[in-house]
Amino acid sequence: MPSSSTLTRNRLAIAFRVVLVAVVALALSLVAASPAEADSGRPGITKKHFGTLSGGKKIDIYTLRNSNGMRVKILTYGGILQSIEVPDSRGRLANVTLGFDNLSDYVAKSPYFGCITGRYANRIAKGRFTLDGKTYRLATNDGPNHLHGGTKGFDKKVWRADPFRRGGSVGLVLTYTSRNGEEGYPGTLRTRVVYTLTSDNRIRMDYRATTSRPTVVNLTNHAYFNLRGEGNGRILGHELQINASRYTPVDTTLIPTGRIARLGGTPLDFREPTAIGDRINSNNTQITRGGGYDHNYVLDGRGLRTAATVVEPDSGRVLKVITDQPGLQFYSGNFLDNTLRGTSGRLYPKRSGFALESQHFPDSPNQANFPSTVLRPGDVYRTTTIYAFSTTS
Ligand code: BGC
């Protein structure tokens, strides 16, 4: 016969097992519930395979999500913002940036959709500049000029990606080292771009670069927006306001003439909110030269400030571009020509997306009266731009 102490031990063992099973069951149920919980508004970041380059390099797509359900997708190829889903005034999400759903289209035919643009965003006349008495030659990939860093600029490089979470924000640190002489530029340039998606629907972009030799640098992001949703027609009804009272007029190859001219009285003046389409067909030589708007605005003020505000009246979506840069290129998508099929499978006609590229002025390396874009060893290039999304009501 078992003693009473043996009985007590057996009972204790049974009770222990019951508690153990209950704890395991509870833990399993929590694990099973976590995906649903993630969908219901916690910030997060996930990674997937997007495609493989012909040389065999694998490209990832990261999805950043904030607590409002806003979602941003970023490729390790070109640091491209592939998709930006934001709510309209009734809470309905749409992807408001132009892009492709596959890697080969980005490689073969992207007009710089969403990418990091460098080493020198925008144009350098005749692909040539002189620094400290030495002349450097760069590719001429835009008529007689150098555009957006050359034939294989930062938009076509594979960036290392390190995801992070900080409070309610999620982000991606992208790094790329451009070797001395790459695309003709002097100095090894160590570059870092941090994308942060905040809990208040902002995409913050912090750029940093250092060099081993004197060089020039001008980095930006080249997202095209359509606040109606990409593939949803033209952007002519978007109301734009730019905080600039001057701009840099261009010659026939879109290189600044060197003049800094007043916008007052011209159809390029956007100090008051105006529909992009209102004056785009004006018979103004600057506008006809660009085939529409394709100009560098000299921003008023200094430091991190609102450069431009865009309101799309039908959806109520609002985009603010906030930057510490001296200039902003407003490009009204004039070269889109209904041949590119975008992310949602629809064609992108002329002026179905616009870009607002924070930057130093085009051709600064050749223009002594423009703010300098020279970076020297020991100095740190830093700049910040924010795309802030909201709605009218
Ligand atoms: C330039 C345009 C160019 C576009 C796409 C913009 O930054 O100003 O002239 O066509 O980029 O490359």
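Biologist: Where does histidine 222 lie?

Modeller: Histidine 222 sits in the loop between β16 (220–221) and β17 (224–225), where strands are DSSP runs of E, at least two residues long, numbered from the N terminus. This is a predicted model, in which local features need pLDDT of at least 70, side-chain atom pairs count only at pLDDT 80 or more, and totals for chains, interfaces and linings use all residues. Residues are numbered from 1 along each chain as its sequence is written, and side-chain values use heavy atoms, with hydrogens and water left out.

Biologist: Is histidine 222 buried or exposed?

Modeller: Buried means under 20% relative accessible area, exposed over 50%, and partly exposed in between (1.4 Å probe, protein chains only). Histidine 222 counts as buried because its relative accessibility is 3%.

Biologist: Which residues is histidine 222 in contact with?

Modeller: Contact means heavy atoms within 4.5 Å. With neighbours within four places in sequence left aside, the partners of histidine 222 are Pro111, Tyr112, Phe113, Gly114, Cys115, Thr117, His148, Ala355 and Glu357.

Biologist: Where is alanine 223 found, and is it buried or exposed?

Modeller: Alanine 223 is also in the loop between β16 and β17. At a relative accessible area of 1%, alanine 223 is buried. Not counting residues up to four places away in sequence, alanine 223 touches Thr97, Gly114, Phe354, Ala355, Leu356 and Tyr387.

Biologist: Which residues does UniProt list for "binding site"?

Modeller: UniProt annotations may be inferred rather than shown by experiment; feature names are shortened and positions follow the numbering used here. The unreviewed entry lists Asn122, Arg123, His222, Ala223, Tyr224 and Asp294.

Key
Helices (H or I, at least four residues) and strands (E, at least two) are DSSP runs, numbered from the N terminus.
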